[in-house]
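Work through the exercises below with the sequence and the model at hand. Try each task before reading its solution.

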Amino acid sequence: EVLRELSPRAQRDWAALESARFFRRALEDGRIVATEEVSPGLLRHERVPFVSYPYEWPFEMLREAALLQLGLLDEALAEGFVLKDGSPYNVQWRGSEPVFVDVGSFEKLREGEPWSGYRQFCTLFLYPLMLQAYRGIEPQPWLRGSLEGIEPAQARALLPRFRRGVLTHVVLHDRLEAKHAARSGEVRAELKASGFRKELIQANVRRLRKLVGRLKPRRGRSTWAGYREAAPYSDEDVHRKERFVRGAGHAGLAWDLGTNDGRFARLLDADTVVAVDGDERVVGDLYSALRSEGSRTILPLVIDLADASPDRGWRGRERRRLEERGRPDLVLCLALVHHLAVGRNVPLAELVGWLRSLGALYLQSSVCLLPRRPETERAVGRLAARLQSEGGECRTL
C-alpha cells in the first residue's frame, strides 16, 4: 500500500481540501491519484503501475505533465488553495495519461504570499521545454544531471533572449534572483505588505499555460523514425514476429526494449507495458499516438539501455534505476540484441546475464547477426552452452 502520514498542519489542509469542488472533480476524472483517509491523519493512495522520472520522458510527456499541473493550480487558486511546489516529480502516468500524485502539495493560500513553486516550475518544466523548443537540445541529460533542473542563470546563457517567454521568465527572473538573493524573506514580507493578491498568481499561471501549450519540440534527423518502412523485413517476417508476441501469454508487467513505434508493445497481453527506446523523437511520436488512442496500459520512456537511468538522489534511493522499480514478468528484445552487443560493445554474455537477472517468466529475443570469425564462433558456442545449461534455447545458424 501507499500510505501518507500527515502533520497537524497538513491534517488541517487535508480537511479543507477533501471538500473542495476542484479536488473532488479531479479525483473523479483521474487527474489526481485516488486518495482516501483510512484513519485520522493517515491517507492511502492508489498505486500507479510503474514509476518513471522526467529525465525519461520525451518533450510531449513533459509538456503534458506541465499543463496538468498548471491546470490544477489554476482551479485550486479559484477556491483559495495553492501548490507549495512546481515539480514534475509530482506527476506519474497510467499509460499515456498523466496523474498528479502529491496530494500533500496542496495547501491553503496564505494572504499576500506569492506562488512559492514558481521557481521550481521554471527550472524543472519551463526551461527544459524551452531548451528543446528554441535550441533543439534534448533536456533529458540536463534533468538527469541535476535533480534541481536548469538554473535561471544557466537558462539565460543557453536560450535566445527574444523568443516568447524568455525575457519574462528567464532574463528578468535571473536579474531579480541575483538582486534579491540575500533577502528573500524581506521580499516576501514586502510583497505581503504591498497587498499582493491571488489574482496576480492566477494571471501568471494562465500566461504560463498559454506559453507551455504553444511550445513545440525542435528535432533534427532521427536514425530510427520511420524504421518500420525502412526495416529489411518481409511481410512474412513481420507476421511471424506478431504471432510470436501474441503467443507469449499474459503478463502483469511487460517490458518492450527497443520498442520503436510500439507495434509489438500493442500486441502484448499485459496489464502494463513499459515501452523503452533510446531515441527521444521515436518515443515522442509513440506517446502522441498512444495519447490519441487513449491508451492506459503502455508507458513509453526514453532510456538508452547502454547508459540507463542510475540510482539518484540521497544515498541513491530517491530515484531508482529501472530494475528496482518493478521486475517484469515478460521481456521483449526484438531486433535489439545486436545493437547493444555490436553497436555499443556490450559483451554478449553480460547482456544475456542482465536479462536473466530480471527474473522474467519469459525471456525472448530475436536473431543476433555476427561476423563469421573463429573468435565469434567460440564465443557463441560458450553462450549457447551457458543458455542451455540454464534451461534456455539457443540455435546457431
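Predicted model: local features only at pLDDT ≥ 70, side-chain atom pairs only at ≥ 80, totals over all residues.

Residues are numbered from 1 along each chain as its sequence is written, and side-chain values use heavy atoms, with hydrogens and water left out.

**Exercise 1. The chain**

Find how many helices and strands the chain has, and what percentage of its residues is buried.

Solution. Take helices (H or I, at least four residues) and strands (E, at least two) as DSSP runs, numbered from the N terminus. This gives 15 helices and twelve strands. Next, count a residue as buried under 20% relative accessible area, exposed over 50% and partly exposed in between (1.4 Å probe, protein chains only). Of the 397 residues in the chain, 46% are buried.

**Exercise 2. Helix H12**

Check the length of helix H12 and describe both of its ends.

Solution. The expected span is 1.5 Å times one less than the number of residues. At the start of H12, a side-chain oxygen of Asp-279 comes within 3.0 Å of the backbone nitrogen of Arg-281. After H12 comes Gly-294, with a positive phi near 75 degrees. The buried residues of H12 include Val-283, Tyr-287 and Leu-290.

**Exercise 3. The cores**

Which residues have the most contacts inside the largest nonpolar core?

Solution. A nonpolar core is a set of buried Ala, Val, Leu, Ile, Met, Phe, Trp, Tyr and Cys residues joined through side-chain atoms within 4.5 Å. The largest one has 84 residues, and Trp-115 and Leu-126 have the most contacts inside it. Helix H4 (residues 118-135) gives the largest share of this core, twelve residues. A second, separate core has 16 residues, among them Val-245 and Leu-290.

**Exercise 4. An aromatic pair**

Classify the pair of Trp-93 and Tyr-287: what are its distance and angle?

Solution. Rings of Phe, Tyr and Trp (its six-membered ring) pair if their centres lie within 6.5 Å; planes under 30 degrees apart are stacked, over 60 edge-to-face and the rest tilted. The structure holds twelve such pairs. For Trp-93 and Tyr-287 the centres are 5.6 Å apart and the planes 80 degrees, which is edge-to-face. Trp-93 lies in strand S5 (residues 91-94) and Tyr-287 in helix H12, 194 residues apart. Both Trp-93 and Tyr-287 are buried.

Note on methods:
Polar contact = N/O pair within 3.5 Å; in protein donor to acceptor, adjacent residues only side chain to side chain.
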